[in-house]
Amino acid sequence: METPGSQSSLHRANLERVVRAVRLAGSLTQAEIARTTGLSAATVSNIVRELRDNGTVQVTPTSSGGRRARAVTLSGDAGVVVGVDFGHSHLRVAVGNLAHQVLAEQSEPIDVDASASEGFDRAEQLVARLIESSGIGADKVIGVGLGVPGPIDVETGALGSTAILPGWGGINPRHELAERLRMPVQVDNDANLGALGELVWGGGRGVKDLAYIKVASGVGAGLVIDGRIYRGPGGTAGEIGHITLDESGPVCRCGNRGCLETFTAARYVLDLLRGSHGPDLTLARMVQLAREGDPGCRRVIADVGRHIGMGVASLANLLNPSRVVLGGDLAEAGELVLAPIRESVARYAIPSAARRLSVVSGGLGARAEVLGALALALSEVGDSTLLDANVPAAVAVS
């Protein structure tokens with residue numbers, strides 16, 4: 001029996017510390033593990049050897065800074081996680097292993113707003129299909145991450161606003177999917193998951209303080225502070241779309257006037273162009289036309305960028321992030337939207353905050369949220385469950 005402070009319990013804690021560092025990063029060299037955990041190089045070397053011998057991690061040759069090194073990842077067959085991302089018009093599912101490798105991924109169009117029941121039916125079917133195509137038994141799934149396009153109550157997992165998803169009234173997404181899949185499910189809003197995805201796999205790698213801003217049918221932000229998603233006590237942190245820009249502006253779906261969303265979200269800005277570009281114009285098509293030189297689309301995107309920049313400036317003044325990552329279809333406009341954002345930041349943010357802030361497009365595109373769902377599931381995996389139950393209580397090495 002281990003007692004607190006004993007050598008065996010300290011050794012077990014060090015094992016879990018190393019596993020946690022590798023699990024969250026996907027792959028680390030032994031030197032990086034030592035820096036991340038604060039353990040000595042000798043301790044890390046012994047622990048990695050032990051974890052490799054019992055099949056928890058795998059070690060492969062690599063290079064770091066021009067020198068030979070050894071990359072440590074969790075064993076690819078230690079288990080898998082599933083990511084499910086509901087957008088307003090799509091469903092995307094991915095299956096990944098604990099080494100941060102995506103094994104299967106698929107998306108399909110769906111009107112999520114219309115019916116929660118239909119959406120979860122489709123998700124259940126797609127998850128089953130991808131697990132089967134991956135050649136992995138359902139018993140190997142150790143966690144599911146779920147993303148929805150709306151605020152989530154952090155305590156209950158329920159939607160915080162049915163105005164955003166009117167067909168989901170009375171639905172608790174986490175409970176609904178968990179009952180269908182018979183698997184543990186963690187849920188978060190799509191902007192937070194986009195931030196997680198970019199933090200682990202994309203444009204936020206190596207950054208501890210960032211904001212991921214998604215512009216689609218709505219506008220939201222995922223906030224990362226000191227390397228962790230900040231949700232706030234009620235789960236509504238990052239609702240940047242409801243910063244007031246004009247008290248006399250258009251009425252927003254939240255009931256206020258002149259919210260940032262009313263000047264930037266697809267449902268509002270596309271109306272500015274439908275008279276000249278037809279009723280079937282989409283945000284993705286608007287971006288494509290702008291890249292091809294269409295003057296009307298370019299003007300609208302520039303205006304949207306300036307308005308987003310005002311919201312980013314407020315974030316910079318309050319939180320002082322080092323990077324803002326733009327996601328959603330609008331990010332495909334590249335410098336057509338990024339340059340106006342930077343101009344507004346330079347104008348409205350205090351100089352010290354603006355000077356340290358970089359504004360970039362996301363590196364994952366439409367995959368950011370589903371990869372963030374995988375990252376959410378990975379972050380909730382218990383480190384003890386990844387260790388062999390028969391690991392001996394060896395003497396700790398200092």
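In this predicted model, 37 residues line the largest pocket, and those nearest its centre are Leu24, Ala25, Leu199, Gly227 and Arg228. Two or more lining residues come from each of α1 (7–25), α2 (30–37), β8 (185–189), α6 (190–201), β11 (228–230) and α14 (368–379). Among these, α1 gives the largest share, six residues.

The second largest pocket has a volume of about 840 Å³. Its lining has 43 residues, with His88, Lys214, Val215, Ala216 and Ser217 closest to the centre. The elements that give two or more residues to this lining are β5 (90–97), α6, β9 (210–215), β10 (219–225), α8 (266–269) and α10 (283–291).

| Pocket | Volume | Lining by class |
|---|---|---|
| Largest pocket | about 1,400 Å³ | 15 nonpolar, 10 polar and 12 charged residues |
| Second largest pocket | about 840 Å³ | 16 nonpolar, 15 polar and 12 charged residues |

Helix α1 also takes part in packing on a sheet. This open sheet has three strands in the order β1-β3-β2, and their pairing is antiparallel. Because β1 (28–29) and β2 (57–64) are at the edges with a single partner strand each, one side of each has no neighbour in the sheet. Two bridges join β1 to β3 (residues 67–74) in the antiparallel sense. Thr29 has Ala71 of β3 as its bridge partner. Against this sheet, α1 touches β1 and β3, and the direction of α1 makes about 95 degrees with that of β3.

How values were computed
Residues numbered from 1 in each chain as written. Predicted model: local features only at pLDDT ≥ 70, side-chain atom pairs only at ≥ 80, totals over all residues. Heavy atoms only, no water. 1 Å grid on protein atoms, 1.4 Å probe; cavity = no way out; pocket = protein on both sides within 12 Å on 5 of 7 lines; lining within 4 Å. Points joined across faces, edges and corners; volume = space filled by probe spheres on them. Helix = DSSP H or I, 4+ residues; strand = E, 2+ residues; numbered from the N terminus. Nonpolar A, V, L, I, M, F, W, Y, C, P; charged D, E, K, R; others polar. Pairing = 2+ DSSP bridges. Contact = heavy atoms within 4.5 Å. Axes fitted to C-alpha atoms, helices over the stretch in contact; angles between N-to-C directions.
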